[in-house]
Structure formats: structure tokens, C-alpha cells
Amino acid sequence: MINSLLWLVPLLPLLGFVINGLGRNTLGKSLIGLVGSGVILASFVLSLLMFFELGGATQKQFNVDLFDWISAGNLHVPLSFLYDPLSAIMLLIITGVGFLIHIYSIGYMHEDAGFGKFFAYLNLFIFFMLVLVLGSNYIVMFIGWEGVGLCSYLLIGFWYTNSSYASAAKKAFVMNRIGDLGFLLGVFLIFTTFGSIEFAQVFPKAAAMMPGAGTLTLITILLFIGACGKSAQLPLFTWLPDAMAGPTPVSALIHAATMVTAGIYMIARSSVLFELAPTTQDIIAVVGTATALIAAIIALTQTDIKKVLAYSTVSQLGYMFLGLGVGAYTGSFFHVLTHAFFKALLFLGAGSVIHAMHHEQDMRHMGGLKGKLKTTFATMMIGTIAIAGLPPFSGFFSKDEILAHAFQENKVLWAIGLLTAFLTAFYMFRMMFLTFFGKYRNTHYAEDKVHESPSTMTFPLIVLAILAAIGGAINIPHVFGGNAWLEHWLQGANIKQHALTLDHTTEYALMGVSVLAAVVALIFAYTKYVKNAHVPVSDETERSALAKISYNKFYLDEIYDTIIRKPLDALSKFFYRVIDKKLVDGLVNGFGWTATEGSKGLRLLQSGNVGFYIFMMVLGIIALLSYTYFFIA
Amino acid sequence: MELLLLIFLPLAGAIVTSFIKGGSAKVSALLFSLLSLCVTIGMLTQFKPDASTQFALNYTWIPQLGINFNVGVDGISMITVILTNVLMPLIILASFKHDYKNSNAFYALILFMQTGLILVFVALDAFLFYIGWEAALIPVYFICAMWGGKDRIKVNMKFFVYTIAGSLFMLLGIIYLYLQNPSNNFDINAFYALKLDSYHQGWVFWAFFIAFAIKMPIFPFHTWQPDTYTEAPTTGTMLLSGIMLKMGIYGVVRWLLPIVPQGVNDWACLALILSVIGIVYASIIAFKQKNAKRLVAYSSIGHVGLIAAGIFTLTTQGLQGTMVQMLSHGVNVIGLFFVLDIISSQLKTNKIEELGGLAKVAPQLAITFLIIVLGTVALPGTNGFVGEFLLLYSVYTHNIWMGAIAGLTIIFGAVYMLRMYQRVMLGTTNELTLTFTDIKGTEKIVLYTICVLIVVMGVYPKPILHLSEASVQQLLDQVNQKLTGVN
């Protein structure tokens, strides 16, 4: 079945895109919603069936060739798919979480005039995301890679009449493109080094190379630059918080659960290469840790509920890169999975709150919603506990796996990781308390108008909450008597992770410390925001220096503006006005002037009558032809 | 026979059209261009994608001077013939919304130019090639000078003198080669067989290169281009950017590489550096352009720079990338100029800051424009990616740093294209743009066709690559053989 039906998995969403794209103005909303979610559900069912088939099969790699896409000289790019344990799990996440978010969108976007367009874009996104994870070589992966970037652009700028939203969309695309150039150069180098871009060819050849070889280091650094763009790592992460301009289901699907984890997927997929490049691994670990910490610090003071979650996503992605850097490939991928559950849940929950509050996103104008939005509150609380790393919810297992590996490799990275976990628990509970506890603070929107969202929106919340709660079960470590199922499963995709050599006492101690950190953070947050009912100050009030840096996002946008955008703009004007107009064109005109001065006499021949010119041209041709005919032939 | 039709059908069309007064002239021109397209399709069905020259004809013309009417097509010529004859009907159809004064002369000139272009792309005789080269220039000069914007006379004078000056260098080169040729003719194969030393090859290289570099244009020979593209009537801009600049590219491939490979080899590094500088330089200039037409003009310099760089790597990927990109660039650039023409003919402006919010009032235009923009920024799945991928790869294999610098085009392209798209289409409408109405009729036909081409060529480029593969390989083998022979 895998060989014969795999191509249907991405094709169905593409079909949905075509139907909804063409019928966006003519089809009814319920039909659009049905088609849009239906195709994803069908893909999900297919993915599930194939997953079970793969589980029972002895063969773990299935290659499906579609056609020869680009071919020139020795460079061949076949359009082909690879189905293996890694892509199998990714398919389930994308279509499963994707389906829930489609259902949610039916309720969330119901009043929007662009309902059809929205579902078309969402379907197109799922298509490209599936291509990304199914590609059997780096260029097919790149089709999906840039394709999801396009959908991200379209969906961030969905409400395009707001020009700051449109700018956010452009920023996301351009910053991703910076990473994409790195990715593309990395692929070129892979081809010139290994003579192929197919995973199945590249990895065995790479495995035969010397660890630490310069070429491998360069390849992996270039690929990592690509990952930094797509997965929002330093220094390219500033587009992700701005991407919150898109509708909330988009933030949940693209900017939390799936697209932004593409960089982690790509590195896990290429783990053979990265394992042989220790320098790159160190860089990844440091960048990841730094990103995790900085984003967590920024999240501490944000007042927009979606911005908190956006920075939290950046921070969690940093965590995953830390895991990759210390050789915990399955651990990072495990976190991709659990993060997809709890972060999608949190975003959708935030969307439910925003929906209930009539487009209010500022937590300073919320408060006391837990009685009104019971399901939203309960499910979001589960998500918060999961992300905070409290057992037995999913985030606890995946986070601790990364931290244990970090501890084994480098104590400093572990310590920063632990600090980040503390900050994460704090800002997440801060968000929950500000939103749901205390008194209702909104003066523009009457409290009795606040209502729980429709069941199309709460149903996905409940399913995701269950997954966020129990999702950790798929990779329970040996220390708890589990069998680390995911780790074994991914070995079928040649993803090896460093063995954990810590003894059980140390492991228990590490877990104890991180749980303690989360609990302390919870108590701090509770004391400050519930007991003392603290509300973040308004924008006009002066903040302390540290709070100011955090609130203003380390001034990164301003810094980029000063050191990159403005100089380039100035250069543009300089090139145009001085180099092009004065220097280059000046030289040309100099030649021209000499010529025109000398040819003034010849001007008399030009009468300015076009008819005359055409007549002369035709006459000339006739003369030439008749000369040929009469005198030569 | 087919080639005679291909060459003289547009000429016949020009003569017929010049006698048709009023609005029917455009219809006549469209019919003739469609006929040419049919002939092309007919040829394509018979064409065998091997390296041979097909449909060849060779008539003696002026034997005293060794000039023959010697024509034929191989895969490389076929690409440019397809480009010309697919774009012509689109360009003519795109002009339907305008009522040009003396429209019979206008359309006659377009068809006349088509004959010149085809001649350039099928000529196997240097003299014939030169005739086509100039015959294509003169009509487009008149189109731009008679029907252009307010600065047209001054701008066009420069364009005309500049390109003519370049052509004269080429003419000198051709005459020199002719004099060196022991069989005293202008036959391309005789030119290929010439054994010139490295020093003289260098001179011939420059004579041809300047002509081609001005035509494309390559930095720093480009300064005529932005003014001319901006001032010309859109039809003229489309003819220049969509088709005519490919004469320069084709010239390099057909007349420069195989005739003076040693000269190319000696100077390729400089040509590559100029091309790569052009990519970055023109892209950066495009950032802050206020006039959308001028922005696209500069973006075209950047894109053509990448093509030129790919050629001078002398690799299969570079040349095959060039073949695909000639078609893609042609389709995309006329799409961009057409969109701007639709906007300016309603709103009388192409100034970016005066526009905005058009997507609200013109959703169809917004979608088609977006697809064209995506093709231009080389998104995978669009035609732009296939060519740009191969070209960047070829430059990368030549030199990793040059590859990285040329690769900046994928970032910079996104910056200026999306900036233009945002300022023109997104945001809120203003008093002016509120009055805009969405595309209709012929506008829809042209833009939909362009969008379909962008996607189809991007998803399944194999037939195009296959068409020219053998010819490109043979040409490169020829070059390499000669290079190893000289050394």
C-alpha cells in the first residue's frame, strides 16, 4: 500500500487547494470547510494505515519515484518520495494536528470574508509541508521548504489591508530566504562532494568520511543556516514574533506545530552528516541555548498573549537545537512531537480567548476568564503544565531527555537550559494567571458578552489536551521502566542518538531539579499575579532597565535596522544616483557627445516620416532579393 | 520550407498589416503571429532533439562575397524560436487595450521585427545574422521613438546609438573572421573551423562581446536600458526585455563560444565578474526605485547578469540553465511589464508610492501578479527556479564565493519584488486606487496564459531541457576540443 498510495497523501491537500481556490467565492462556507478538512482527514487516515503497515514490515525505507524533475549534465533531481519511520511520524503530526486545526478554523474564521481563501492557503500549506518531509533528496525537500515559506507569507499577510501585517509577511519571507541561500549552497556542496543529493546515496558515502572533515563542517554549517531561518534561531528569529499578525490557527499550525520545526526535522534527517561535524554540533548547541534563553527572557514581560506564545515557541525551538547539538536527535524529535501537541493547544486556546474577547489580545485587558471559558481554561492549563515540564505530562519527558543529554555533554549548557525551563514555567503561568485569574479588567467589552467558543473550536482543544497530557508515553525512558519506543522506532530511519551513560541516581536527581525549578516558578508566578494581583504596567510607564530590554526584545529589530537595512538603502541610493547616473552613464554620454557633435551634418537625411523609413526598408529588401534572383540564380 | 515560412510569414504580415487602417490592424497582426506560432508547433512535432541542424536551407545569395542564405535550427535555436513565437502573440494581445495612432504602422513594425528576430536565431551565415540583428533593432527603435513617453526622443537616441555602436564592433569582428576564412564565405561552420591564435581570439572576443553585452545588457554596458524600458510604450518594453535581449544571449552561445573558445577562456573570468557584479549592483539599485517600471528594468539587469554568468562557466548546467531561463525570463518579464501597463493605463502612474491596496479592488490581478512575482523570485515549482537553480549551481562550481555572491539574488530579489508587490497591491486603497477595476477580456487571457506557463514550466521542465540538451552538449564538446587542441 505504501508504494501505491503514498503520492495520494500530499496530492489530496493539493486537490483541496485547487477546489477551494477556484471555488472560494462561489462555494458555500460549510462546503469549503468540509472539503478543506475532509482532504486532510483522508490524508491522515492514509498516513495512519501506512504507519501500521510500516510497523509490521521488515523493510523500513520505501522509495517512490514520480518523475525526473530537473536534469542537466551529471546533475539529476528526481521528484521522489521517501517513506521511513521518521517521515511516517511527521506525516501523522502534520495531517493529525493539521486536521484538528482545520476543524478549529471552521469556527474561528466563520465571520471572515476570506473564508475560502483561508482554507485554500491552509490546504496548500499542508501539501508543501508533506512534500518537505517526504522528499527523498534535498531539492525536493527544498520545494516544500520554500513552499511552506510562501504559505507562511500568504497567511501572515492574510489581512493584507493592514500594512504592518503585510510588512510582517514580507519580513518572514525575506529572513527565510537568507536561510534558504545557506541551505541551497549547502546542497550544492553536498552534490559536488558526494555526486548526489539523494539521502540514500549521500549518507553512506558521508559515513565513510573522516569525522571533522572540513567539507562536512562547511556543509552542515550551511544547512544549519537554513534551519536558523526556518526554525527561527538567532540571529534570524525576529520574523516569528511578527508572524503573529496571521490568524491564530495559522500561528498554531505553521508557526508552532509544523513549519518552524522543519529545521529540526532536516537536521535529524541529516544526523549522519552532523554527527561527523563536531564543530557544527557545538555551534548548534550554543546557538540553540542562547536563543532559548533570550526568547524566554523576552517572553517574561510581553503583554500580548500571542507574543508570549511566539517567544515561547522560539525558546522551545532553541531547546530542540540544544538537543540536536548535544547529540540527542530522538530527544529533540520527541520534543518536536510533544511541542506540536501542547503549543498548538496553547495557541488555539489563546485563539479561543481572543475570539471570546472580540479580538482583544492584550492580557492587561483580560483576567478572570476561567469561569466563563471553562473548556478553554482547563485545556490550556494542561498545555501549560506540559510545557512547564511537570510530570507526568508530555513536556516533562521530552524536555528532560534533552536536559539529561546536555548535562552529559556540557554542564554550562545544562545550567542555562535549566534556567530557561524555570523562566518558561514562570512566564507560562504568568500568562495563565493574567488571563484567567483575578478580576475581569476589560473596559471596552462587557464581561457578560464573553462566551465560550463553539464546539468546532473546543473539540480540537480537548483532543490536543489529551495528547499533550499523555503524549509522553511514546518515549518513556528506561529509568522509569519504559521501553523508549520512539527511540527504537527512529532507529529504522538511521537516526542514532548518543547513548545516555548517566546512572539512574543522577537521572533522578536531574529530573528532581528541573521539576523543582518549575514548581518554584509556579509559586513565584502565583504569588505575584494571583495573590498580589499584579498587572503589567501600561506602555507609557517607565520600566526598569532590565524589563525595558526584555520588553523591547533586546532591541534586535532596531539593531538590524541600523546595521543592515539602512546601510543597504543608502547604498541603493548611492549606486543609483552616483555610480549609475553620474559615473557609468556619464562615461557613456561622454562618448555619445563626441559622436553626436561629429555627426551633425548627417542629421539632414532624417525626415522623421516612418512610412518613408518602412518604404525604404522594404525597398532595400526587394532590391537585395531581386539582385539575387536576376543576377545570380 | 518551414523555415522560409517562419522567416517570411511575419514579413508578409507586416506588409499586409501596413495597409489595414484602423482597429483591424491589431487583429491582422495577431493572426499572423498566431500563424507563426502554429508553424513553430508544427516544426516542434517534427523536431528530433539530437544535436543535428534541422530544417536546414542553403541558397546562394551573393556569391561574389560568399554570402549565402543559410539557415537551420538545432535545439538551442529552437528554444529561442519558441520564445519569440510564443511571446509575440501574447505581446500583441497585450497591446489590444491601447488604441495607438497609426496602428497599421505600429503593428507592421512589430511583425517586421519578428522577421529580424527569427533570422538572428536561425541564421548559419554571419552576414545573414548581422542583417537580422539590425533588422530587429530598427523597428523597435521606431516603436519606442514614435509611441513612447515624453522623454522618448532623447532616451531612444541613446539606446539606438549605443546598440548600433556595439553592433559595429561585431561587424568588424565578422569582417575580420571573413578575411581569415580561406574559403571566403560567412559560413558559421567555416568560422568554427578557423584556427586563430590566442591573441587574435581575444580581439574577436571583445568585438563580439561588446555588442552582446550592450544588448543584454551586462554591467557596465547597461545604462541605456532603465531609461529605455521606462520611456518606451509597454509593447516596446516587452519586445526589448522579453525577446530582443535574448539576441545577445543567443549570440554569445552561438557566435562567441564556439568561434573563439580560447578568447572566451582567457576573458571568461572578467566576464563572470562583471556579470556577478551586475546581479548584486542592479538588485541593490532596485531596492529603492520609486517607479515600478524602472524597478523591473533593474531587476531584469540582475536576472540577465545571472544568465551571462552561467554561460561563461562553460558548463552543461550553466548553458542548460541559460536555455530554460531565457524562456522563463521572457515569460515573467513581459508578465510584470503587462501588469504595470494595466495599472498605468487606468491610473496614469507607475509610481509605487501613489499606489496601494489594489488587491482589494482587483483580486484577479492580485493573484496573477503574485504568481508572476513568485516566478521572478524563483520559487521552486515556478519556471524561475529551474533556470536559477542550474545557473547558480554552475556559478558555484566555477567558484564557491562567486556562487555565494550570485546567490544573493534569491534574497535581494525577494526584497525588491515583495516590496513592490506590497506597496502596489497590499495595504489600503487611496482615492486614486479606489477607482481601479479588475482585469478583463484580453488582459485575462494574457495573464492567465502567463501564469499557466510559469507553473507548467516550473513543475515539468523536462521537455525544455530535453530539447536543447544534445545541442548544448555538442557545443560544449566542440569548445573543449578546440581548447585542448590549442593548448
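Colleague: Which residues of α17(A) meet which residues in α20(A)?

Modeller: From α17(A) they are T375(A), T376(A), T379(A), I382(A), G383(A) and A386(A). They meet T458(A), L461(A), I462(A), A465(A), A468(A) and A469(A) in α20(A). Being in contact here takes C-beta atoms, placed from the backbone, within 7 Å. Bear in mind that this is a predicted model, where local features need pLDDT of at least 70 and side-chain atom pairs need 80 or more, while totals for chains, interfaces and linings use all residues. Residues count from 1 along each chain as its sequence is written, and chains are lettered from A and ligands numbered from 1 in the order written.

Colleague: Thanks! Where do I find those two helices, and at what angle do they cross?

Modeller: Look at residues 374-388 of chain A for α17 and residues 455-470 of chain A for α20. Helices (H or I, at least four residues) and strands (E, at least two) are DSSP runs, numbered from the N terminus. The two axes cross at roughly 30° and come within 9 Å of each other. Axes are lines fitted to C-alpha atoms, for helices over the stretch in contact, with angles from 0 to 180 degrees between N-to-C directions.

Colleague: What does that make them: roughly parallel or roughly antiparallel?

Modeller: Roughly parallel, so α17(A) and α20(A) go together that way. The cut-offs are under 35 degrees for roughly parallel, over 145 for roughly antiparallel, 65 to 115 for roughly perpendicular, and oblique for the rest.

Colleague: Moving to chain B, how far apart are the axes of α10 and α12?

Modeller: The axes of α10 (residues 234-256) and α12 (residues 292-312) of chain B are 11 Å apart, and the helices pack at about 20°. That angle is why α10(B) is roughly parallel to α12(B). On the α10(B) side, S241(B), L245(B), I249(B), V252(B) and V253(B) make the contact. The α12(B) side brings S300(B), V304(B), I307(B) and I311(B).

Colleague: Now strands. How many bridges join β1(A) to β2(A)?

Modeller: Nine, and the strands run antiparallel, with β2 of chain A covering residues 75-83. To pair, two strands need at least two DSSP bridges between them. One pair to look for is F67(A), whose bridge partner in β2(A) is L79(A). β1(A) and β2(A) form a hairpin with two residues between them, and G73(A) in the turn has a positive phi of about 60°.

Colleague: And in chain B, how many residues sit between β1(B) and β2(B) in the hairpin?

Modeller: Four, and G66(B) in that turn has a positive phi of about 70°. Strands β1 (residues 54-62) and β2 (residues 67-73) of chain B pair in the antiparallel sense over six bridges. Y59(B) is opposite F69(B) in β2(B).

Colleague: Which residue has a positive phi although it is not a glycine?

Modeller: F554(A) does, at about 55°. F554(A) is in the loop between α23 (545-551) and α24 of chain A.

Colleague: What kind of peptide bond joins M216(B) and P217(B)?

Modeller: A cis one, with omega about -5°. P217(B) is in the loop between α8 (198-215) and α9 (224-231) of chain B. A cis peptide bond also joins F219(B) and P220(B), with omega about 0°. P220(B) is in the loop between α8 and α9 of chain B.

Colleague: Last one! How many residues of chain A are in contact with chain B?

Modeller: There are 47, and they are in contact with 54 residues of chain B. In chain A, β1 (62-72), α6 (138-156), α7 (163-194), α24 (556-598) and α25 (610-632) each supply at least two residues of that side.

Methods: Contact = placed C-beta atoms within 7 Å.
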